[in-house]
Amino acid sequence: MQDQIQKVSVYVGIIFLVVALFLLVAELRTGKQDRNLRMRYLSALVMVPFALSVVYSGGRLFETLVFLLSVLCTREFMILVGVWEHQAYRSVAVLALFIIVVVSVLDPLQSSSGFHPFYAVLVPIIMIVLAVPIFLRSYQGMVLREFTTIFALLYFGWFSAHLILLRSLDGGLGLTTFLLVVVAVNDVAAYGAGRLFGVHALIAEISPKKTWEGFFGGMLGSVAASLTFGFLAPQLSLSALLLSGFLIAVTAPFGDLVVSVIKRDMNKKDSGDIIPGHGGLLDRTDSLIFSAPNFYYFVVFFAGRCFN
């Protein structure tokens, strides 16, 4: 695994170098310095090594990071829709996110059936959320607050916790690193292709800057990254690597578009301002959050792990 980590470090370094050259060429062509784009690059230069190091460490550090990710994304979303200010829903949301992460750590093979309580944890959590207005003896605005909270727990809590499930698999370190890298390459490739060749809008009403050229550029990037970093997932055959590349190429931009719909509905450009050049944490991790459960179940069912 040490050799694999060194390989990843070299390849990621090469990707950063290529992106830096692309930025330089783009600025020379336009004759303008894009400060926001430079800030995005510098932020990624810090975030990517940090994320990879936490994945490598695993254990409580990784689980804590996933919990913080889910809390911060939920906070940004609930602020966008005006629900975070309600203490009862805010408190229930944070408690529920903690429960989801704790349950995701449990060993799925501890029983003879291999049943994981993670798959059922949403039932009592949703019941608790639905009970909040009953205990508050208040119903005004209940529908918005209830369903906003449930949506946040499902999307930013339950979806994100699949990263813990993925990391806990045999070979989970490599699989999780693989997912992070392929999602990142998809984002970079889509942005580069869209900026250089983008003409035809993907869905102009939702995200005017996204193009079909960018989408297919991201798909090529995902497939290429899946093959390049396939050494991280030796349990996947060549066909599985190709399929995983196509899968992430679809789920990553779809997750981005889902959050774009939310922001468009709330008339906001970004979900927050926690990351310089990127906006909110949700703006930067929406693709990863949406891809995590899809890739996890693909790996589990393709490799037959759940039937061991």
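**Rings and helices in a predicted model**

At 6% relative accessibility, Tyr 296 counts as buried. The cut-off for that word is under 20%.

The model holds 21 aromatic pairs. One of them joins Tyr 155 and Phe 290. Their ring centres are 5.9 Å apart. Their planes stand at 80 degrees, so the pair is edge-to-face.

Where do the two partners sit? Tyr 155 belongs to helix H6, residues 142-168. Phe 290 belongs to helix H10, residues 281-303. Tyr 155 is buried, with a relative accessible area of 4%. Phe 290 is buried too, at 16% relative accessibility.

Now return to the opening residue. Tyr 296 and Tyr 297 form an aromatic pair with each other. Their centres are 5.0 Å apart, and 70 degrees separate the planes. This pair is edge-to-face.

A ring can also meet a charge. The charged end of Arg 90 sits over the ring of Trp 84. The distance to the ring centre is 5.8 Å.

Turn now to the helices. Two packed helices are described by the angle between their axes and the distance between the axes. Take helix H3, residues 59-80, and helix H4, residues 87-105. They pack at an angle of about 150 degrees, and their axes are 10 Å apart. H3 and H4 are therefore roughly antiparallel to each other. Angles over 145 degrees count as such. The crossing of H3 and H4 is right-handed. On the H3 side, the contact includes Arg 60, Glu 63 and Phe 67. On the H4 side, the residues include Tyr 89, Ala 93 and Leu 97.

H4 also packs against helix H5, residues 122-136. Their axes come within 11 Å and cross at roughly 165 degrees. That angle makes H4 roughly antiparallel to H5. H4 passes H5 in a right-handed crossing. Among the contact residues of H4 are Ala 88, Tyr 89 and Val 92. H5 brings residues including Leu 122, Ile 125 and Pro 133.

Which residue of H4 can you find in both contacts? Tyr 89 is one of the residues that touch H3, and Tyr 89 is also listed in the contact with H5.

Technical notes. Residues numbered from 1 in each chain as written. Predicted model: local features only at pLDDT ≥ 70, side-chain atom pairs only at ≥ 80, totals over all residues. Heavy atoms only, no water. Phe/Tyr/Trp six-rings, centres within 6.5 Å; stacked < 30°, edge-to-face > 60°. Helix = DSSP H or I, 4+ residues; strand = E, 2+ residues; numbered from the N terminus. Buried < 20%, exposed > 50% of the residue type's maximum accessible area, 1.4 Å probe, protein only. Lys NZ or Arg CZ within 6 Å of the ring centre and 35° of its normal. Axes fitted to C-alpha atoms, helices over the stretch in contact; angles between N-to-C directions. Parallel < 35°, antiparallel > 145°, perpendicular 65-115°, else oblique. Left-handed = near helix turned anticlockwise from the far one by under 90°. Contact = heavy atoms within 4.5 Å.
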